[in-house]
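Thanks for making time this morning.

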Amino acid sequence: MRALCWHDVNDLRVDDVPEPELVNPRDVVLRVTMTTACGSDLHFIDGYLPTMREGDVIGHEFMGEVAKVGRKVEGVEEGDRVVVPSFIGCGSCGYCQDDLWSLCDNTNPNAALQEPVLGDTTAGIYGYTHAFGGYAGSHAEYVRVPHADENCFHVPDELDDEQALFASDAWATGYMGADFCDIEEGDTVAVWGCGGVGLMAQQSAALMGAERVIGIDRFPERLRLAEREAGSETIDYTAVDSVVDALKATTGGRGPDACIDAVGMEAHGTGPAHAYDRAKQQLKLHTDRGEALRQAIVACRKGGTLSILGVYGLMDKFPLGIVMNKGLTVRTAQQHGQRYVPDLLEYAAEGEMDPSYLATHELELEESPRGYDLFKHKEDGCVRPVFVP
Ligand SMILES: [Zn+2]
Ligand SMILES: [Zn+2]
């Protein structure tokens with residue numbers, strides 16, 4: 001079958017690879033009908049995340065049709081149309097039972113690679129380094145889904161692929177980030193980043209009753225999407241002297257009630273702090289450029305909530321004194337998709353939220369390297385390229 005493979009830093013190619021097979025009795029093999037690129041893929045494409053190996057199939061956000069079913073799978077049958085969260089849950093460990101699916105204790109066979117850096121192990125994830133499990137990814141004609149009864153969610157017939165696909169990750173992650181904020185009526189929520197996850201966080205915050213949602217980015221077309229699709233107010237951070245001052249000014253000097261970082265370790269910014277981060281990152285002295293997160297900490301009102309969705313490794317200059325003295329609540333996680341996907345599919349079916357506008361470019365799998373190029377450089381208004389194998 002054809003699949004998009006990682007060969008080296010900034011070297012992705014579509015190759016012929018063997019088709020996946022059922023390995024365990026609770027596996028299914030899915031024929032992928034649609035899959036999308038994610039900002040977190042860029043971290044290993046750019047060389048900031050180690051433990052990729054030549055020939056690894058990438059991609060972790062996807063949906064498809066069940067092609068083969070293991071003999072112990074219950075509730076999923078050949079031909080079913082399903083969407084699959086990017087982190088793999090087992091459904092039976094204490095973490096899965098507590099709905100903390102990305103912390104699953106059983107689905108990452110390479111825990112020893114992760115522990116030195118992360119202190120413990122996350123769940124496995126498709127197509128995302130050997131430290132995160134070494135599972136083959138979804139930018140392929142077929143993908144193996146382990147623990148299928150816990151990880152396959154049936155897509156209502158009335159939804160098309162673009163409406164359901166983003167429940168796999170971008171939507172579930174953004175929704176979780178808003179959920180972390182325990183939004184109350186009258187709240188103001190600021191969201192750094194108007195990419196897929198940031199836009200989903202903004203729309204979800206509005207859905208949960210935020211009175212004002214403020215999206216922060218630098219790309220005019222993304223800011224327009226935030227205004228049009230999420231009803232957000234926006235700040236172009238290249239057009240203001242200080243994002244923090246702009247947020248304080250618009251909230252009577254208090255700052256937003258909740259701040260969501262949907263940017264992560266490859267944040268862009270302006271000014272000396274950003275230049276310093278970037279130089280250190282390129283010298284491999286630390287892995288993260290933390291501009292967005294630091295702004296969120298400084299801007300958030302006293303007693304507010306900081307919700308971190310951006311992916312980080314090691315970061316210095318983390319202003320913990322501000323977090324402490326302002327009494328901020330910090331909430332963060334990789335996405336616990338299985339907890340949210342059923343609700344999201346219901347919202348979509350009822351017409352309350354439609355994330356399909358994130359799919360700005362639909363390409364065949366053979367064109368996926370070009371899709372990643374458009375995505376990485378945010379060319380041609382690209383929010384998310386989707387690939388149809
Ligand atoms: Zn993702
Ligand atoms: Zn588990």
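Does tyrosine 175 count as buried or exposed? Let me say at the outset that this is a predicted model, and that in this model tyrosine 175 has a relative accessibility of 8%, so it counts as buried, the limit being under 20%.

Now to the rings, of which the structure holds eight aromatic pairs. One of them joins tyrosine 175 to tyrosine 340 in an edge-to-face arrangement, with 5.5 Å from centre to centre and 65° between the planes. This pair links distant parts of the chain, since tyrosine 175 sits in helix 6 (residues 170–179) and tyrosine 340 in helix 13 (residues 337–349), 165 residues apart. Tyrosine 340, for its part, counts as buried at 4% relative accessibility. Tyrosine 175 also pairs with tyrosine 347, and here the centres are 5.9 Å apart and the planes stand at 50°, so this pair is tilted. Because tyrosine 347 lies in helix 13 and tyrosine 175 in helix 6, the pair ties together parts that are 172 residues apart in sequence. Elsewhere, ring pairs link Phe44, Tyr128 and Phe132 into a cluster.

Let me turn to the sheet, which is open and has three strands in the order 2-1-4, with antiparallel pairing. Strand 2 (11–16) and strand 4 (56–57) are at the edges with a single partner strand each, so one side of each has no neighbour in the sheet. Strand 1 (residues 2–8) is joined to strand 4 by two bridges, and cysteine 5 stands opposite valine 57 in strand 4. Finally, helix 14 (residues 368–376) lies across strand 1 and strand 2, running at about 155° to strand 2.

Notes
Residues numbered from 1 in each chain as written. Chains lettered and ligands numbered in written order. Predicted model: local features only at pLDDT ≥ 70, side-chain atom pairs only at ≥ 80, totals over all residues. Heavy atoms only, no water. Pairing = 2+ DSSP bridges. Helix = DSSP H or I, 4+ residues; strand = E, 2+ residues; numbered from the N terminus. Contact = heavy atoms within 4.5 Å. Axes fitted to C-alpha atoms, helices over the stretch in contact; angles between N-to-C directions. Phe/Tyr/Trp six-rings, centres within 6.5 Å; stacked < 30°, edge-to-face > 60°. Buried < 20%, exposed > 50% of the residue type's maximum accessible area, 1.4 Å probe, protein only.
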